[in-house]
Amino acid sequence: MTTNIEDPSGFALARTYVHLSALGGASAVDVDEHFWETIMQRDDLLEGRMLGLFHLEQDSDHCEMHPSGDEVLILLSGAIDVVFHEADGDRISRLRGFQTCIVPRGVWHRVRVHAPSELLFITPGKGTETRPPAEAAP
């Protein structure tokens, strides 16, 4: 559900993402535990990008890949590794507070958590695929 934000006090980015449309608009989007499973059914969110926040306490239980564009990951606090599954083997980007990495379009990746972390993401929703980690290698 897309939300009209009329309350100027703000909202929690971990529970309400921001859809950045391809035409330059921004709208708040309510998020629940099924959001990523059902995003492909949301025609209103497939173009443009999603901006949101993850609180991470454990390694991701899946790998993901974004065929429609690059993803930007910005670590606000904590310590994570972003593991890129590339044709010639895994490459690791070590992020510590306030570091950023770009996940290239079409590259399978996952996150390893070394300390509780807050991760800001800007990602294309269209076509995003997920797999268990063992299946992600090219």
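## An exposed loop residue

E57 counts as exposed at 60% relative accessibility. Here exposed means over 50% relative accessible area, buried under 20%, and partly exposed in between, with a 1.4 Å probe and protein chains only. E57 is found in the loop between β4 and β5. Its C-alpha atom is separated by 6.4 Å from that of V113, although E57 and V113 are 56 residues apart along the chain.

## Basis of the model

The model is predicted: local features need pLDDT of at least 70, side-chain atom pairs count only at pLDDT 80 or more, and totals for chains, interfaces and linings use all residues. Residues are numbered from 1 along each chain as its sequence is written, and side-chain values use heavy atoms, with hydrogens and water left out.

## Fold

The protein has 1 helix and 10 strands. Helices (H or I, at least four residues) and strands (E, at least two) are DSSP runs, numbered from the N terminus. Along the sequence the pattern reads β-β-β-α-β-β-β-β-β-β-β. Of the 138 residues, 37% count as buried.

## Aromatic cluster

There are 3 aromatic pairs. Rings of Phe, Tyr and Trp (its six-membered ring) pair if their centres lie within 6.5 Å; planes under 30 degrees apart count as stacked, over 60 as edge-to-face and the rest as tilted. Y17 and F35 are edge-to-face, 5.3 Å centre to centre with 90° between the planes. Y17 lies in strand β2 (residues 16-20) and F35 in helix α1, so this pair ties together parts that are 18 residues apart in sequence. Both Y17 and F35 are buried.

Y17 also pairs with F121: the ring centres are 5.2 Å apart and the planes at 90°, so this pair is edge-to-face. F121 lies in strand β9 and Y17 in strand β2, so the link spans parts 104 residues apart in sequence. F121 is buried, as is Y17. Y17, F35, F54 and F121 form one aromatic cluster.

## Charge over a ring

The charged end of R91 sits over the ring of F84, 4.1 Å from the ring centre. The rule asks for NZ of Lys or CZ of Arg within 6 Å of the ring centre and within 35 degrees of the ring normal.

## Largest pocket

The largest pocket has a volume of about 870 Å³. Of its 32 lining residues, the closest to the centre are W36, F54, D61, H62 and E64. A pocket is defined on a 1 Å grid over the protein atoms alone, as an open set of points where a 1.4 Å probe fits, with protein on both sides within 12 Å along at least five of seven lines; lining residues have an atom within 4 Å of a point.

At least two lining residues come from each of α1 (35-38), β4 (49-56), β5 (63-65), β6 (71-86), β9 (108-123) and β10 (129-131). β9 gives the most, with 6 residues. By class, the lining has 13 nonpolar, 9 polar and 10 charged residues.

The structure holds 0 disulfides, a disulfide being a pair of cysteine sulfur atoms within 2.5 Å. C63 is buried, with a relative accessible area of 0%. C101 is also buried, at 7% relative accessibility.

Most residues other than glycine have a negative phi. F98 has a positive phi of about 70° although it is not a glycine. F98 lies in the loop between β7 (89-96) and β8 (100-103). At 68% relative accessibility, F98 counts as exposed.

Notes:
Grid points are joined across faces, edges and corners, and a volume is the space filled by probe spheres set on the points. Ala, Val, Leu, Ile, Met, Phe, Trp, Tyr, Cys and Pro count as nonpolar, Asp, Glu, Lys and Arg as charged, and the others, Gly among them, as polar.
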